[in-house]
Amino acid sequence: MIVDVGPLDKYSVKAASAARVLAPLGLPFAATELLPGGPGGSTFDVWGVAPDEALLIGAAPTAPPTVPNAIVTDLSSGLSALALVGPRSRSILEELTSLDVADRAFVDRAIASAPLANVRVIIARHDLVGRTRFVILVDRDLAEYVWASTLAVGARHGLQPGGAMVLAD
Amino acid sequence: MSFLVPCPQCGPRDVYEFRFGGETLRRPSPDATPLVWTNYRYMRVNRDGNAREWWFHRLGCRRWFVTERDTVRNVVSASGWATGD
Amino acid sequence: MTDERLPPADGEVIDRGSRLRFTFDGKGHSGHPGDTIGSALAARGVRMLSRSFKYHRPRALLCCDGRCPNCLVEVDGIPNVRACTAPLREGQRVRSQNAWPSLAFDVLAITDRLDRLLPIGFYYKTFYRPRRLWPLYEKVLRRVAGLGRVDITARPDLAPRTRHLHCDVAVVGGGPAGCIAALEAAAAGARVVLVDDQPALGGHLRSRSLPVHGDARIEGLSGTRAAQRLGELIAEQPGIETLIAATVFGIYEGTLLGVNQGQTVARIRAKRIVIATGAHERPALFDGNDRPGIMLGTAVLRLARLHGVRSGHQVVAIVDDGYGWSIVAELVAARVALTAVIDIGSGLPTPELPPGIEVIRGAAILEGTGSRRVTGLRIRVGAAERLVPCDAVAVSLRPEPATGLIAQDGGERRYDDRIGEFVAARLSDAVSVAGDVEGIHDDAHTMASGALAGLEAAVAIGLGTQDAIAAARTHRAACRASALARHGRPVALDAPGGRKQFVCLCEDVTVKEIAQGIEEGFEDLETLKRYSTLTMGPCQGKMCQGLATRLRATLTGETLAAAKLTTARPPFQPVSLAALAGPHLEPVRRTAMHGRHAALTDRWIDMGDWKRPHIYTSVEEECRAVRERVAIIDVSTLGKLEVAGADAGSFLDWLHPNRFSDLKIGRVRYRAMCDDAGIVLDDGTVARLGDTRFFLSTTTGTIDAMEQWLTWWLAGTDRDARVTNVTAQYAAVNLAGPRSREVLERLTETDVSKAALPYLAATEAPVAGVPAIILRIGFVGELSYEIHVPSDFGGYLWDQLTAAGADLGITPFGVEAQRVLRLEKQHAIVGQDTDGLSNPVESGMSWLVKADKDDFVGREAIAAVTARGPQQMLVGFELPERTVPEEGAAVIRDGRLVGRVTSSKWSPYLGKTIGMVSIPIEQAADGSEIEIRLPVGTVRARVATKPFYDPAGLRLRM
């Protein structure tokens, strides 16, 4: 199943060291991992993208985070989020990306920037109640193309579009 | 061409995920002679052996990094973030 | 129609309970599921399948393995399909190729008798006089050349797929060696991909009925059962992905394998590769060695065991060592009607054979008699000649290792004296070999080497144990020694004589032609290959390379030890271009307002990945709306970068010939950026929205390059500046026209009067309730506002502006109108009016360069140009008539090219042709005349150094 995830607020946090600026805020950071926001009532998941950048992603509406010594840029409109859910997700991804998404190679909460359908995306594995799930962030202007390409390639694997309800527990 | 380039952030990836940024060079000082500037602009060592080069991971993390690559065998032996070169 | 089926037996893959109907050259036939097209036709006694390339000789099944050219047919409109491996399907329409008017009676068979007129390289010798006949020769040869027909109007629904696989160990070849290698590697914990080109695993075991010895897993089982058992073990072993009916067509850099499976191409990244591709029999050399019915021994065996088809009623086998005799034993067990075995030199004792099979030793084979079908073999034993009658021949000479992939990977192949074959001599680090491909044909050795290869591959990547390897090594060494001891001495190549001893069956190259080529001086195999075209046909040397190399060595007196094989290149087997291309995944970028545009127009233009509306109504109407009323264009495609941080301003100073650190908050400035060669890379604007926050725009399509450029200059420095690509974050429109302010005022409470927001001012304020960045800049030369909003609100903003301006006659305008309007103002477009050699001084941008600046990128180069003075200049030109020169048209003077047209349009508003040219500085004075070349003739134009419209720039400062 492929689902358009949203609405999500997304902020890019850039600093010489993302780990150091986020730690005081209780926001755990690892350069290739998706980590849930720490204590202190934070509403964001922290996606580690590079040593100098994290994406803070939270369900809308959120207040823009204040991160001292860092540049925070609102990318809520700029990135679209799609989720690929279900046991055949890997077979479909195998036809769209050269990233190794095998269970042992791309563990739960792993994040990678990689080509998908020939465009750059940020893809995270974030299983939901034991169900395999991949969340894909893509530039908004490419979202429709990525959605359609994924559906086309996934058709023979039984891929269907789904609504937001599917993601609820 | 299908060799792997090890991105310091993303790990080894197919070369086509990257943009090749050329040999690492030292930018001349502003008052260097025109000859030095011409060499900087247009002349390259193009070594057959170990070369230090820039790469940009355009289909991945979108960061610049530097590699040591054996240009004859197309094997990258080392890669890392730039350090004030 | 005869029926050549054998009674049912264990190991056959056909389902006799069901029938599939098909046609061959219009005639109806039938077969069973599990048949190939070739086996079904053979079962019906249809022998001849094609005519050879040059001599149009009748050809029939030879290898039954997808490696030779004899069975190429057209199936349902797809040419060059190998009938011997193509599965039979209901309703297939099969047609023969390369014969006219029919396969049975081919007019061009006459060329077979004209072989003396068609010697090696005949096209270099025969067709060059008289020259006036060349067009005729070309026409005739074009029709005659080639094999299959292509229907260029056909649109088959191919649905190609691409798969990206990753594994630790890739095993090429699913015979006994490959299967065991896969099992050992996976048992040690490796992720394995096993690739085999047959419909089921087991390799040559599938067509064998005698017991197999050498590995506990399948000890004593018949070949068929052993193959099945291996398949079961593979299926049960976790960690093995199996691709069957799949061919590895290439090994590429970075241990990447290309695999073709139907219309799917799988790209496999492995850490280690085990090549277990086996060995293949080759034809024998004698006059008429290509007669229909002369087949490879394994082909006869495969047809009999897998498909239950008789190849003949009087079959003669030709062998030359122990391998051949083992095939004979299998043929007997498969109830093939063997009447004689000709041993041309094994020296081995004759094994136990059923009565009725004559054994002839030490014979030389002179000729295969017959024309449409072999009728006998003329042989010489001692001094006497005799004819051995037969209707089929099973040639089982010692097989050649299939080493093509090894060579592709950069491995070396050399002739091994003891083994008598070309084997792998040096392999690249990641590759190992196992099984019959090593040149030794002994079950125990095959399986021992498979086990060792699998274990070694696992250990090489950190899995498995050293102890297991030691044991495997010892075992394999023992098997190898024992097998070599029994290995026959190589038998010298015999080419007894005759005009039609075929070496290359694909291209009809005979021994006589090769000898002639060598005599003419083409002694090196590579040049001989190119002169004779041998190995250049559909088989790409699989059938003939070994033969050709040996023959050449014999004829030139060179030893085989020194001989080299021709360069192996992918693809190893043909792959369709559609499969290689994969599914059509071409990125398309759409703005947030895409749907709005689609409702209004179907004229689009592609700008990089972007789809932009080209024209809504007409260029004239749209331009008029901009000049006289108010109009709106979607400029979301502009690249946008946020540059922020304490050093952002100085960083921008570094990158540009002008300054930005002194730009006030709430102001916007034009930017043009150069590289260190002084070449203009890009232009756009910079707006300062905060002390440490700048908003940059770039040309549509250059954003990737600009993001890379900026971040490169930051890499490794400690500049406190961060660059974020916000192109997708903002949707943007340009609201332009004398009445644009009125429209904007209706949607915002912020003061946007001329005083509050003058030309080149910038502000952040809500528009239609949505947070927006408003920049007062003009590209088209009118009062205009570039409004950026988060792209989620793009469509909403468009609707609001359209509604607010409805009574003022607001109109959308597209890219074409924008192009004309900006040209009326002589605004250069970087990449259109500049190219890879344009510097700012000679592109009319010298006003940008601040001489009193510190060092910046391009400073030295620009200073040099300024010092020597510009040699050319980018200026405007105009013509009163509607003659629009092509963009790129040459500007000429005294017949020489001195410049070119960079932009050129008809302006409906101004009623004249306008454009921009780059011309020598001495011609660049306002009002001077230049000559522009048209497709036919030239036209004179007038240079204009000031904008054609509103040269004082009053309109955009309103």
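## A tour of chains A, B and C

Chain A holds three helices and 11 strands. Read from its N terminus, the order of these elements is β-β-α-β-β-β-β-β-α-β-β-β-α-β. Please keep in mind that this is a predicted model.

The radius of gyration of chain A is 16 Å, close to the 15 Å that the globule rule gives for 169 residues, so chain A is as compact as a globular protein of that length. Its C-alpha trace spans about 50 × 30 × 30 Å along the principal axes.

Chain C has 22 helices and 49 strands. For its 958 residues the globule rule gives 30 Å, and the radius of gyration, 38 Å, is well over that value, so chain C is more spread out than a compact globule. The principal axes of its C-alpha trace cover about 115 × 75 × 60 Å.

### Where the chains meet

Let's start with the contact of chains C and A. Here 24 residues of chain C are in contact with 27 residues of chain A. Three strands of chain C each supply at least two residues of the side that touches chain A: E8 (161-166), E34 (639-644) and E38 (722-725). Of the elements of chain C, E8(C) gives the most to this side, with six residues. By class, the side of chain C that touches chain A has nine nonpolar, eight polar and seven charged residues.

Chain B also touches chain A, with nine residues of chain B in contact with nine residues of chain A. On the side of chain B, these are three nonpolar, two polar and four charged residues.

### A barrel in chain C

Now for the strands of chain C. Six of them close into a barrel, and going around it the order is E44-E47-E46-E45-E48-E49 (chain C), with antiparallel pairing. From one strand to the next, the twist averages 45°.

One of the pairs joins strand E44 (residues 872-879) of chain C to strand E47 (residues 912-920) of chain C, antiparallel and over eight bridges. To find this pair in the structure, you can look for Phe877(C), whose bridge partner in E47(C) is Gly915(C).

A helix packs on this sheet too: H21 (residues 815-824) of chain C touches strand E46 (896-907) and E47 of chain C. The direction of H21(C) makes about 120° with that of E46(C).

### Two helix pairs in chain C

H21(C) also takes part in a helix pair, with H16 (residues 619-628) of chain C as its partner. Another pair in this chain is made by H11 (residues 511-519) of chain C and H13(C). The table sets out how each pair is arranged.

| Helix pair | Axes come within | Crossing angle |
|---|---|---|
| H16(C) and H21(C) | 9 Å | roughly 60° |
| H11(C) and H13(C) | 10 Å | roughly 50° |

On the H16(C) side, the residues Val619(C), Glu622(C), Cys623(C) and Val626(C) meet Glu816(C), Ala817(C), Val820(C) and Leu821(C) of H21(C). Sorted by class, the residues of this contact are six nonpolar, no polar and two charged.

H11(C) passes H13(C) in a right-handed crossing. In this contact, Val511(C), Ile514(C), Ala515(C) and Ile518(C) of H11(C) meet Ala548(C), Leu551(C), Arg552(C), Leu555(C) and Thr556(C) of H13(C). The residues here divide into seven nonpolar, one polar and one charged.

### Backbone details worth a look

A cis peptide bond, with omega about 0°, joins Trp100(C) and Pro101(C). Pro101(C) lies in the loop between strand E7 (93-95) and helix H2 (122-125) of chain C.

A cis peptide bond also joins Pro570(C) and Pro571(C), again with omega about 0°. You will find Pro571(C) in the loop that runs between helix H13 (545-556) and helix H14 (577-581) of chain C.

Finally, Ala159(C) has a phi near 45°, a positive value in a residue other than glycine. Ala159(C) sits in the loop between helix H3 (134-144) and E8 of chain C. E8(C) is the strand that gives six residues to the side of chain C touching chain A.

Methods:
Residues are numbered from 1 along each chain as its sequence is written. Chains are lettered from A and ligands numbered from 1 in the order in which they are written. This is a predicted model: local features need pLDDT of at least 70, side-chain atom pairs count only at pLDDT 80 or more; totals for chains, interfaces and linings use all residues. Two strands pair if DSSP finds at least two bridges between them. Helices (H or I, at least four residues) and strands (E, at least two) are DSSP runs, numbered from the N terminus. Axes are lines fitted to C-alpha atoms, for helices over the stretch in contact, and angles run from 0 to 180 degrees between N-to-C directions. Two residues are in contact if their C-beta atoms, placed from the backbone, lie within 7 Å. Ala, Val, Leu, Ile, Met, Phe, Trp, Tyr, Cys and Pro count as nonpolar, Asp, Glu, Lys and Arg as charged, and the others, Gly among them, as polar. The radius of gyration is taken over C-alpha atoms; the globule rule is 2.2 Å times the number of residues to the power 0.38. A crossing is left-handed if the near helix is turned anticlockwise from the far one by less than a right angle, and right-handed if clockwise.
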